Amino acid sequence: MTLFTLFLFCLLVIALAVLRNMYLAHRCMVRLEDVPPLEGDTLPQVSVIIPACNEEQEIETALTSVLALDYPNLEIIVLDDRSTDATPQILDRMAGEHSRLRVVHITDLPAGWLGKNHALHLGAAQAKGEYLLFTDADVHFAPDTLRHAAARMQSQTLDHLCLFFRMSAPGSLLPLLVADSLASLFSLLRPWLVSKPGPRFYVGAGAFNMIRKSFYHSFGGHHPIRLCPVDDVLLGRMAKISGGRCDCLLGGRFVSVDWYQTVGQMVRGLEKNTFALLDYRLSFFLAATVAVFSTQILPLWGLLLADGLPRLLCGAIVAVNVLGLLLSLRFFHMDLRCLYWFPVTPYIKLYIIWRAVLLTLLRGGVDWRGTFYSLEELRRYKVSALPWVRVKIREEERP
């Protein structure tokens with residue numbers, strides 16, 4: 001057996017492990033619709049906290065769905081984070097029409113904070129609810145979402161609850177690219193194991209992060225992760241390392257997001273997150289490059305150019321990868337017909353990774369929504385989203 005053949009065997013094992021993880025996500029994760037909702041009008045208060053920066057295209061329709069939530073004890077706080085478009089005017093008009101909507105206009109960003117993280121932290125400081133729900137300005141909710149989610153929080157005595165949501169993406173290439181990227185994240189974080197005790201398994205989602213307010217403040221809220229672009233996942237990690245009881249459910253019937261409209265938007269949208277996900281380390285950047293090339297690009301070329309056992313192994317790897325993508329598409333309620341793009345998505349993933357890392361290095365930081373954050377500062381206050389990287393919280397970060 002040649003070294004190349006042995007290498008292909010290893011790649012096949014990895015592909016099977018990823019496929020197994022997607023299968024376990026399908027089989028093991030609880031669906032929110034299977035949780036009996038809370039009934040009546042005497043329910044724990046929930047504060048929905050939404051940051052908004054230049055969201056004039058989506059904010060009204062998304063916020064209308066929040067206002068339509070069938071939950072009596074509800075507070076809605078929208079943080080207008082230095083918007084320069086029509087977002088402030090839209091929010092003020094809607095606040096005048098709905099008494100349980102409160103709008104806070106942020107005009108300045110304190111040093112040492114990302115804009116979104118500061119807005120969420122500020123909203124939490126003003127919230128009155130027993131539970132805080134952090135969500136985004138483009139998220140749509142079914143009316144009974146909170147009755148089911150609050151029921152899960154109460155029945156399981158949870159401190160943090162994350163919901164995975166339905167993502168709508170037009171065309172055929174973009175949905176497959178989204179599903180492919182999220183399948184990798186699933187295999188890394190294993191959300192079906194989040195309910196297990198201990199800090200190893202955690203997850204968070206920007207569309208739905210619900211957390212007990214007293215617990216949130218016990219570890220300093222967003223302050224320890226104030227300069228971390230991957231704030232949603234890291235809120236889940238902070239909850240786990242702080243000893244919280246956490247869970248992650250499938251909420252596709254209740255929560256939906258029009259995430260990106262074009263591949264170009266996705267490329268630009270991941271510009272601030274990609275190097276952060278790689279812990280700002282060039283070694284992890286190179287490892288990610290090798291991983292994508294070896295597991296997704298090399299087997300396709302081997303299927304075309306190799307012969308004998310190596311060709312059979314490459315074919316097996318490609319087949320397993322395709323099955324994994326099918327499961328991912330089903331998991332996120334996307335059209336299976338877009339699968340024919342699967343030979344293309346690995347190259348786009350590599351482009352996203354290389355573009356984000358090189359731009360961050362060349363600029364010396366991240367330029368996001370009109371604010372520049374230096375790479376030196378981002379590295380100094382980073383909290384890793386990678387499970388195998390130990391988190392060290394500075395003493396000055398502790399409440």
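**Salt bridges, cysteines and a loop**

E271 is buried, with a relative accessible area of 9%. Buried means under 20% relative accessible area, exposed means over 50%, and partly exposed lies in between (1.4 Å probe, protein chains only). This is a predicted model, where local features need pLDDT of at least 70, side-chain atom pairs count only at pLDDT 80 or more, and totals for chains, interfaces and linings use all residues. Residues are numbered from 1 along each chain as its sequence is written, and side-chain values use heavy atoms, without hydrogens and water.

E271 meets R363 in a salt bridge, 2.7 Å from N to O. A salt bridge is a side-chain nitrogen of Lys or Arg within 4 Å of a carboxyl oxygen of Asp or Glu. R363 is partly exposed, at 40%.

The whole structure holds 19 salt bridges. One of them pairs E60 with R93, their closest N and O atoms being 2.8 Å apart. E60 lies in helix α2 and R93 in helix α3, so the pair ties together parts that are 33 residues apart in sequence. Helices (H or I, at least four residues) and strands (E, at least two) are DSSP runs, numbered from the N terminus.

Now the cysteines. C246 is buried, at 5%.

G171 sits in the loop between β7 and α6. G171 is exposed, with a relative accessible area of 68%.
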